[in-house]
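Q: Before we go into any detail, could you show me the model and take me through how its features are to be read?

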Amino acid sequence: MPPTFLTALITVVLLAAGIWVGVALGLSGFVGLALVLDWSRAVDIVGKVLWEQNTSFVLVAIPMFILMGEVLFETGVMGPVYLRAARIVSGVPGGLLQANIAACALFAACSGSSVASAATIGSVGYPEIAKRGYSKPIALGSIAAGGTLGILIPPSIIFIVYGSLAEVSVGRLFLAGLVPGLVLAALYSAYIAVRCMLDASLAPREHGASLMSRLSALGGLWQMALLVLVVLGGIYAGIASPTEVAALGSTLAVLIALVSRRFSFAALWRAGLSTVRQTSMILFVIFTAKILSVTLIYFQAPAAIVHWIGAAGVSAASIFVGVIAIYLVLGMFVDGIAMMVITVPFIVPIMHTAGMDLVWMGVVICVLIEIGLLTPPVGLNLFVLQGVTKERMGDVILGSMPFVALQLAIIALLYWLPGLALRLPRLVMG
Amino acid sequence: MRKLLDRGVAAAATLLAAAGVLCVMALMLLVTSDVVARYGFNNPSNWADEGAAFLLIAIVFLGLAQNLRQGSHIRIDVFTGPLPTRAKAVLELIAYGVGVLFSVVLVLGTWTRFENFWSRNITGDSPLMTPLWMPMVPVVAGAAVFGLVMLAGFVAQLHALFARRASQGET
């Protein structure tokens, strides 16, 4: 059996057998290397790849953005933010459901994780929503879907991982994700407003707060405004790199917790432990995926696939549809990061050959991963929200499905209007 | 013996994860202070980027073993989830066996790099000229404890399988 097929077979069998993704990718990559080189060269390459991959300054942004979100989460700084967002959007059809989207979008701009967003808003906002008699499915769906904004609105861990795998500028990806993220949040909000206007039983009518009350609530969001200013402003103004603003953001999150009198060393320690856990988990699969992709390069597999696609005369549109279909199916069963490390080394050369912009594709892949977070049986946000609210999983899934349709709509919009993602990075970075 | 191995690797994994938290805090302070020094005092350090990269690799490997113990590493269980309990137990044993094999590769790979840096006295590019074997110490330690946790998991799975078979034989 040719080594290429043997390596692919081992990878698929190990992944299907439930072996840890990092172990499966790393071991199959190693076996492939040992087949074409020899044992000692293969061991040497493993050591070299892990050193070069894990000492990349760009990837330092991952633990720093995770820490920023975790500090905000563990110290409870986000709690009052939800109530203030609710006051600002009060009177808009949908009431607290609109607050879910607004608070999730705000949290997304201060955290790179969708799970942290869904867990925070779910634990802070849902008890109040349940008390006031909102329809459960749409309430749960708005939080689960709102949480996914965390990976599209920068800063985003998914963009950093994609940038590292596809060798695309992370700053450019952050810029590209902003407008589609805000448009998606607006689509969620419009959907909630229309549904609630058509069916008044979905949401009780909340009385609009006075202008003064709204202004005071807006003033109470100074912490978030400061973080957004430092993180997004720093990148967009070209003052600092994503890694540097990530570190500044995490330090600022600690200072905000201190000023808000919510800081404790126990919370900081928990945030640190969670950061170590997530960083190690993410970078372990990136590093082992790199071993496999080095092996594939030895086999000249990406070049062979590109050649085959070119010879078959497959159009760019067909490739795009194919990628979407693959991600939709994989997203039902596989974690977003794992999905990306397994597919991006193959997809990127194909996209590149088909003349697709890799930054634009990164945004599309990010939305597809968002869809994966909401589609059963392995939609992570569904489980997180069900765990936090203790509601029926059926209600969480039912409520999330219309938002999945909106996510597909934004992909269609990105296809027809690529400038939605690409205009801002071109404007700022040339 | 098995319990001793379990306790030993649990303690080592917890200790490494705690060291990882300290590295996270150091990373935050290092990069922040560098940015402040650059923009506030026009005095950037020329070693902060390198130091940050060394801390990153340490965080990754210091967290590996604890993640394995706590079930935080990503797995695809969509095919194995519906299987009967016994089949799952056998697959889990195989998973740990494969994990032990990969750990051997990982330890050898990291050790080879460490030895290469040590024997050739290779240093970093920054003016600090940090000997590169130093940042490799937590990497080798993390890979080794990861391997030990895999081994402890393998032994525990094997023990559980034999214990189940013995109890079935008695009934």
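A: Let us begin with the contact between the chains in this predicted model. Chain A and chain B bury about 5,100 Å² between them, and carbon and sulfur atoms give 81% of that area. Of the area that chain A buries against chain B, 16% is supplied by A:W20, A:W51 and A:V276, which is more than any other three residues supply.

Q: How many residues does the contact take from chain A and from chain B?

A: The contact takes 59 residues from chain A and 58 residues from chain B.

Q: How many salt bridges does the rule find across the interface of chain A and chain B?

A: The rule finds one salt bridge across this interface. A salt bridge is formed by A:E244 with B:R38, whose closest N and O atoms are 2.2 Å apart.

Q: What should I know about confidence before reading such details?

A: Where pLDDT is low, the predicted coordinates should not be read in detail. For chain B the average pLDDT is 91, with 98% of the residues scoring at least 70, while the complex as a whole is given an ipTM of 0.94 and a pTM of 0.87 by the predictor.

Q: Which residues make the nonpolar surface patch?

A: The patch, of about 570 Å², is made by A:W222, A:L226, A:L229, A:L255, A:L258 and A:V259. In chain A, helices α12 (222-236) and α13 (242-259) each supply at least two of the patch residues.

Q: Is A:V259 buried or exposed?

A: A:V259, which is found in helix α13 of chain A, counts as exposed because its relative accessibility is 56%, and the cut-off for exposed is over 50%.

Terms used. Residues numbered from 1 in each chain as written. Chains lettered and ligands numbered in written order. Predicted model: local features only at pLDDT ≥ 70, side-chain atom pairs only at ≥ 80, totals over all residues. Heavy atoms only, no water. Patch = residues over 30% accessible without salt bridge, like charges linked within 9 Å, V, L, I, M, F, W, Y side chains within 5 Å. Areas by Shrake-Rupley, 256 points an atom, 1.4 Å probe, with all protein chains shown as cover. Salt bridge = Lys/Arg side-chain N within 4 Å of Asp/Glu carboxyl O. Helix = DSSP H or I, 4+ residues; strand = E, 2+ residues; numbered from the N terminus. Buried < 20%, exposed > 50% of the residue type's maximum accessible area, 1.4 Å probe, protein only. pLDDT = per-residue confidence, 0-100. Contact = heavy atoms within 4.5 Å. Buried area = accessible area lost by both parts, 1.4 Å probe.
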